[in-house]
Amino acid sequence: MIKRQTAIFREARSVPPFWAVRFEVEFPPAPGRFMLADLGGPLREVLFPAAGDAEGFTVWAPPRHPVTQLLPGAPVDMLGPLGRGFRLGGAQRLLLVAEAAQLPPLLPLLEAAPAVVLIIEAPTRALLPPASRFPPTVELHLITQDGSAGQAGTLENCHDGVSPLDDLLKWAEQVCCSCDPLRYPALASRVRRVRLAPRADFAQALVLADMPCGVGACDVCRVKTRHGERHACVEGPVFDLLELSV
Ligand code: FES
């Protein structure tokens, strides 16, 4: 049974390069799950929580996203929570891996384990949130493609030849990724090489897909896995990284 809820838009504030948009709602989504919001466009918008509590949730959206155009107090028709989110299982050492544009769905996990390491890759420094936005307990590794902040290079290949990824994959008890799905095969190969026999769900990957219906009816969000095609909106959007065959 799909929940239909009326969320109330409370505020939007700038957290460059995003906007943080707060909604109050009776049943907020857990990390990695999503809401489908009617914001007046032809299709509902997919909203992932960047933070949440018992009264609501906050979305980090890019500037000009329709969610940033709402007026305080506006009611928003939402379906959800939908999908299958992150499954942490009490891990003590959590590694988060994100491209900067896909970072927001990982933000609710920043304090989800006693030790959390976050690696973010961005094209350039201006597309990274400032380090002060993260809890001081989080160990932050920045990688920029132009070398303007942190290490120069990409997640897989830093120009100084030392990507932090291999050591951190050995260290972690749980890995959660939010990247362009085209990056996932290389990440999966790396996990297999470093961990040899990782358990199921050791590395989980959020697949950001168009999800117009959210209930497995329209087939738009099909994702290839080793067991055939799956619907991101129902069996995902968080998948076992090693089960994906993008
Ligand atoms: S969004 Fe329609 S099947 Fe997934």
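**Entry 1**

I started with strand E14 (residues 222-225) and strand E15 (residues 228-231), which pair in the antiparallel sense over 4 bridges. Two strands pair if DSSP finds at least two bridges between them. A hairpin joins E14 to E15 through 2 residues. I looked up Arg222 and found its bridge partner in E15, His231.

I note the ground rules here. This is a predicted model, so local features need pLDDT of at least 70 and side-chain atom pairs count only at pLDDT 80 or more, while totals for chains, interfaces and linings use all residues. Residues are numbered from 1 along each chain as its sequence is written, and side-chain values use heavy atoms, with hydrogens and water left out.

**Entry 1: the antiparallel sheet**

I traced an open sheet of 7 strands in the order E4-E3-E7-E1-E2-E6-E5, with antiparallel pairing. Its edge strands are E4 (45-47) and E5 (51-53), and each pairs on one side only. The twist averages 35° from one strand to the next. For that angle, axes are lines fitted to C-alpha atoms, for helices over the stretch in contact, and angles run from 0 to 180 degrees between N-to-C directions.

Inside this sheet I checked E2 (residues 18-24) against E6 (residues 56-61). They run antiparallel and are joined by 6 bridges. Glu24 has Gly56 as its bridge partner in E6.

**Entry 2: aromatic pairs**

How many aromatic pairs does the structure hold? I count 4. Rings of Phe, Tyr and Trp (its six-membered ring) pair if their centres lie within 6.5 Å; planes under 30 degrees apart are stacked, over 60 edge-to-face, the rest tilted.

Phe9 and Phe23 have ring centres 6.0 Å apart and planes at 65°, so this pair is edge-to-face. The pair links distant parts of the chain, with Phe9 in strand E1 (residues 4-15) and Phe23 in strand E2, 14 residues apart. Both Phe9 and Phe23 are buried. Buried means under 20% relative accessible area, exposed over 50%, partly exposed in between (1.4 Å probe, protein chains only).

Phe34 and Phe48 form a tilted pair, 5.9 Å centre to centre with 55° between the planes. Phe34 lies in strand E3 (residues 34-37) and Phe48 in the loop between E4 and E5, so the pair ties together parts 14 residues apart in sequence. Phe34 counts as buried at 0% relative accessibility. Phe48 counts as buried at 9%. I also logged a cluster: ring pairs link Phe9, Phe23 and Phe57.

**Entry 3: the mixed sheet**

I then followed 7 strands that form an open sheet in the order E11-E10-E9-E8-E12-E13-E16, with mixed pairing. E11 (151-152) and E16 (238-240) stand at the edges with a single partner strand each, so one side of each has no neighbour in the sheet. E12 (residues 174-178) and E13 (residues 203-206) run parallel, joined by 4 bridges. Cys177 has Ala205 as its bridge partner in E13.

Leu140 sits in strand E10 (residues 139-144). Its relative accessible area is 27%, so Leu140 is partly exposed. Leaving out residues up to four places away in sequence, Leu140 touches Leu118, Ile120, Ala131 and Phe134. Contact here means heavy atoms within 4.5 Å.

**Entry 4: helix H2**

Which residues of H2 are buried? I find Tyr184, Leu187, Ala188, Arg190, Val191 and Val194. They cover an arc of only 160° around the axis, which puts them on the same side of H2. The arc is that of the directions from the helix axis to the C-beta atoms. What covers these buried residues includes helix H1 (165-171), E12 and E13. Just after H2, Leu196 takes a positive phi of about 65°.

Most residues other than glycine have a negative phi, and most peptide bonds are trans. I listed departures. Asp201, in the loop between H2 and E13, has a positive phi of about 70°. Asp219, in the loop between E13 and E14, also has a positive phi of about 70°. At 36% relative accessibility, Asp219 counts as partly exposed.

The peptide bond from Gly80 to Pro81 is cis, with omega near 10°. Pro81 is in strand E7 (residues 75-82). A cis peptide bond also joins Gly236 and Pro237, with omega about 10°. Pro237 is in the loop between E15 and E16.
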